[in-house]
Amino acid sequence: MPELQLVPTPHTDAQAHATRLVARLRGHFDSGATKSLRWRFSQLDALEHLLMEREGDILEALQKDLGKPETEALLSEVRMIVGEVRLTRKKLRSWMKPERVRTPLVAMPGRSYIYREPLGLVLIIAPWNYPFQTAVLPLVGALSAGNCAVLKPSEVAPHTSAVIAKWIPKYLDAEAVQVVEGGVAETTALLRQKWDHIFYTGNGTVGRIVMEAASKHLTPVTLELGGKSPTIVDETAHLDSAAKRIVYGKFFNAGQTCVAPDYVLVDERVHDALLNRMVSAVREFYGDDPKQSPDFARIIHDRHHARLARLLDGADVATGGETDASERYIAPTILKNVKEDDEVMKEEIFGPILPVISVPSVRAAIAFINRQPKPLALYCFSTNREAQEAVIEGTSAGGTTINHVWLHVGVPTLPFGGVGESGMGAYHGRHSFETFSHQRGVLKKSTLKDPPLMFPPYAPWKQRWLKRIL
Ligand code: NAD
């Protein structure tokens, strides 16, 4: 883990702007305007219009920032949010309804409810790899829960940031939702403000900065971080489909996916068979020269390109390995004979390089994984139910897909989030609504005369009765 960066003093302009913005949004939230079901529906409708009408702009920006293939952008950025908006609109009325829960004898006669109330002002800070989705998907939860929000898209994906800044205030209630573009100075200025929730997606180093800033105001945080997500392949796995699915999940967005399979632990008995199939799958998907493939993205930044190229120095390449800094291209690469202490195994790879490590058994794979920080995702390819359960029970991870990669992220009924070093809190579907709501416990008592048992003067006979009831 790199050293924490010192938080610089933000530019005075950025600080003044952040202070004014928060005061304005706070005033709007306090007016109560964002609390009604009607307002929430209006914002969800507006967001869906934005997504459908500006889809072209969004796809173009993603192409410019990441060379993101249109199908990948549609699936993982735009249409994923459309699905979330539609689900939220369908369910919101029932999610907002006070939930009646059991009342114990001691509080009788009375009725107990959980009310969901908006938190207030929320700050959403997004990274560059899914620069549209990571900014706008949490917004669905924030708006559906009746909050005001500020989005801080990543400056590392400037075209997408500009599209977000251009369209969000035009479609949504600009008194309630604002976008602040910029980098460290602007984010630091925002982090100095008092928020009611901060939702941060990105790396753990900045996650720590966010949490520290939030602690000054006792602001709760959701941290959607990353890490090295392992993939286990055992000797019973269906190797044809495992190979294709791993290759697909790894090289989608050129490996710049928080839940990409970071490395593969394969049973030594099927190591060669899996490796050969994965090499063939790369050729099948991206052709003999993946550089020419319109379906393979580019690395976001020169700095990341250089970091990834360094990981290839001296590596044992099964396929790929070519780089071209002028295009920020790294070929889809599979590495063999990788050791646990190799450089490529030290930090999240976050690029199109897939190390494959041979292990003697599922138990050895589990032990390997448990020597690392808890990952955001973990995959297991096996047709053996017992092995599947042993992997789930023997490890901890933010989420898991069995016999595929990262599809659990697209299931809105499942919470999506990390554990330990891969983050805290979760969202998607109802979990987003809950993340941006406060669950307020409400007991409604009747005005019938109280039994005298718990009131002074206390007496032994009262205590005897209380012991029976409690
Ligand atoms: P990034 O560099 O774009 O940073 C994320 C945000 O933090 C940006 O908005 C940036 O302006 C802000 N920031 C950067 N430095 C800061 C500082 N010193 N102070 C305050 N704010 C600062 O993106 P990144 O962190 O490189 O993103 C990649 C990481 O995000 C990977 O580790 C990946 O696994 C993780 N990720 C996680 C998820 C998830 O859902 N769990 C999704 C996408 C990415």
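**Entry 1: strand β8 and its partners**

I began with strand β15 (residues 377-381), which I found joined to β8 by three bridges, the two strands running parallel. Within that pairing, Ile232 stands opposite Cys380 of β15. I note here that the model I am reading is a predicted one.

I then looked at strand β9 (residues 263-267), which also runs parallel to β8 and is joined to it by four bridges. Pro230 has Tyr263 as its bridge partner in β9.

**Entry 2: strand β4**

Next I turned to strand β4 (residues 148-152), and asked how many of its residues are buried. I counted five of five, and so wrote the strand down as mostly covered, taking buried to mean under 20% relative accessible area. Cys148, Val150 and Lys152 point to one side of β4, whereas Ala149 and Leu151 point to the other, and I noted that Lys152 is buried along with the rest.

On one side of the pairing I found strand β3 (residues 121-125), parallel to β4 and joined to it by five bridges, with Leu121 having Cys148 as its bridge partner in β4. The chain reaches β4 from β3 by way of helix α5 (residues 133-144), in a β-α-β crossover that is right-handed.

I also found β4 paired in the parallel sense with strand β5 (residues 177-179), over three bridges, and here Ala149 has Val177 of β5 as its bridge partner. With helix α6 (residues 158-171) placed between them, β4 and β5 form a right-handed β-α-β unit.

**Entry 3: the ligand**

I looked up which residues come nearest to the ligand, and of the 26 around it these are Ser154, Glu155, Asn203, Leu225 and Glu348. Sorting the shell by class, I recorded 14 nonpolar, eight polar and four charged residues. As for the elements that contribute, α7 (184-191), β6 (197-201) and α8 (204-216) each supply at least two residues of this shell.

A polar side-chain atom of Asn203 is placed 2.6 Å from an oxygen atom of the ligand. On the backbone side, a polar atom of Leu225 is 2.7 Å from a ligand nitrogen, and a polar backbone atom of Glu224 is 3.5 Å from a nitrogen atom of the ligand. Of the 850 Å² of accessible area that the ligand has on its own, I noted that the protein covers 93%.

**Entry 4: backbone geometry**

I went looking for exceptions here, since most residues other than glycine have a negative phi and most peptide bonds are trans.

The peptide bond from Met108 to Pro109 is cis, with omega near -10 degrees, and Pro109 belongs to the loop between β1 (99-101) and β2 (110-118). I recorded another cis peptide bond between Pro456 and Pro457, where omega is about -5 degrees; Pro457 sits in the loop between β18 (437-445) and α15 (460-469).

For positive phi, I noted Ala254, which is not a glycine and has a value near 50 degrees. Ala254 lies in the loop between α9 and β9, and I count it as buried because its relative accessible area is 0%. Arg328 also has a positive phi, of about 50 degrees, without being a glycine. Arg328 is located in the loop between β11 (323-324) and β12 (329-330), and with a relative accessible area of 23% I put it down as partly exposed.

A polar atom of the Ser76 side chain lies 2.6 Å from the backbone oxygen of Glu72.

Lastly I checked Val391 in helix α13 (residues 385-394), which counts as buried because its relative accessibility is 1%.

Conventions:
Residues are numbered from 1 along each chain as its sequence is written. This is a predicted model: local features need pLDDT of at least 70, side-chain atom pairs count only at pLDDT 80 or more; totals for chains, interfaces and linings use all residues. Side-chain values use heavy atoms; hydrogens and water are left out. Buried means under 20% relative accessible area, exposed over 50%, partly exposed in between (1.4 Å probe, protein chains only). Two strands pair if DSSP finds at least two bridges between them. A crossover is right-handed if, with the strands pointing away from the viewer, the path from the first strand over the helix to the second runs clockwise. A residue is near a molecule or strand if one of its heavy atoms lies within 4 Å of it. A polar contact is a pair of N or O atoms within 3.5 Å; within protein, one must be able to donate a hydrogen and the other to accept it, and residues adjacent in sequence count only if both atoms are side-chain atoms. Accessible areas come from the Shrake-Rupley method with a 1.4 Å probe; for residues, only the protein chains shown count as cover. Ala, Val, Leu, Ile, Met, Phe, Trp, Tyr, Cys and Pro count as nonpolar, Asp, Glu, Lys and Arg as charged, and the others, Gly among them, as polar.
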